[in-house]
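Here is a brief report on one protein chain.

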Amino acid sequence: MTKKEKKSFHQSLAEWKRFLYNPTTGEFLGRTAKSWGLILLFYLVFYGFLAGLFTLTMWVMLQTLNDEVPKYRDQISTPGLMVYPKPVSAMEYTFSLSDPNSFKGYINDLKNFLKSYSLEEQKNLTDCPDGELFDQKGPDYVACQFPVSLLDTCDGIEDPDFGYSQGQPCVLVKMNRIIGLKPEGAPKIGCVSKDESAANVSLFPDEGAIDLKYFPYYGKKRHVGYLQPLVAVQVVFSASSTKTDVTVECKIDGSPNLRNQDDRDKFLGRVMFKVSVRA
């Protein structure tokens, strides 16, 4: 049995050069120009077909969508509640009266949030009739004005510190937007102190009333400039109490078709936050 002869470096290099291009057969990488052309044509047709199929599928799907109203909406019929300013952590507002920097962030957050509610920003909005749903047929939809004066001492005009420098902080509460929502009855956001011996709450507008004229909402693209109605909650600590923290619970009330209690969603139609004031 003889050992196979080992090819020299020059022989291997020559074979690689011939594989890259064979001048005798005209092959490049083992294939003729015709063979390469057929392969490229096949993949061009194949991937072109896939691209066309994908484009057609996307086009058909887009024809079923409305650019202004989502086709599939959230099944939650009752909106959740949000609070401003944004709590630093775990729905808790903690600050010290002797340290203005501790509540400066809350004040700035409220001022930025209320910019869209200023008279200048609302000058092109409509003064809608009170006490009734504002149904609109389109194609043009108008947004109703929300007078920030309804927030009384929490409007940031009379008191630019929103009560924080006096230890009587204001917190704004609003409903999340739901397209087409039509509350029944007299909706309101009611808030209570969990410890009335320590602090009480004042609501603006009175009793946290929400006017029906801000409903229904028709979507971001249709309802340009829409402003959600607000309820201001001012926490007032009792002078006779030594406690400096209290938990406040707010929930939607007064409307039979809006719920504020659900075993599967404890935040449905309600929100809780804690206020802690230090000297």
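## Salt bridges and overall form

In this predicted model, R270 counts as buried, at 16% relative accessibility. The cut-off for buried is under 20%. R270 sits in strand β10 (residues 270-278), and its partner E249 sits in strand β9, 21 residues apart. Their side chains meet in a salt bridge. E249 is buried too, with a relative accessible area of 10%.

E249 also meets K194 in a salt bridge. K194 lies in the loop between β6 (188-193) and β7, so this pair ties together parts that are 55 residues apart in sequence.

Another bridge joins D130 and K213. D130 is in the loop between α3 (101-113) and β5 (170-175), and K213 is in the loop between β7 (199-204) and β8 (230-237), 83 residues apart. D130 is exposed at 54% relative accessibility. K213 is buried, at 9%.

| Salt bridge | N to O distance |
|---|---|
| D130 and K213 | 2.7 Å |
| E249 and K194 | 2.9 Å |
| E249 and R270 | 2.4 Å |

The count of salt bridges comes to six. The chain has 33 positive and 33 negative side chains, with the centres of the two sets 17 Å apart.

Now the whole chain. Its secondary structure comprises three helices and 10 strands. The radius of gyration is 34 Å, well over the 19 Å that the globule rule gives for 279 residues, so the chain is more spread out than a compact globule. The C-alpha atoms fill a box of roughly 110 × 50 × 40 Å along the principal axes. Buried residues make up 34% of the 279 residues.

Technical notes:
Residues numbered from 1 in each chain as written. Predicted model: local features only at pLDDT ≥ 70, side-chain atom pairs only at ≥ 80, totals over all residues. Heavy atoms only, no water. Helix = DSSP H or I, 4+ residues; strand = E, 2+ residues; numbered from the N terminus. Rg over C-alpha atoms; globule rule 2.2 N^0.38 Å. Buried < 20%, exposed > 50% of the residue type's maximum accessible area, 1.4 Å probe, protein only. Lys, Arg positive; Asp, Glu negative; His and termini not counted. Charge placed at Lys NZ, Arg CZ, Asp CG, Glu CD. Salt bridge = Lys/Arg side-chain N within 4 Å of Asp/Glu carboxyl O.
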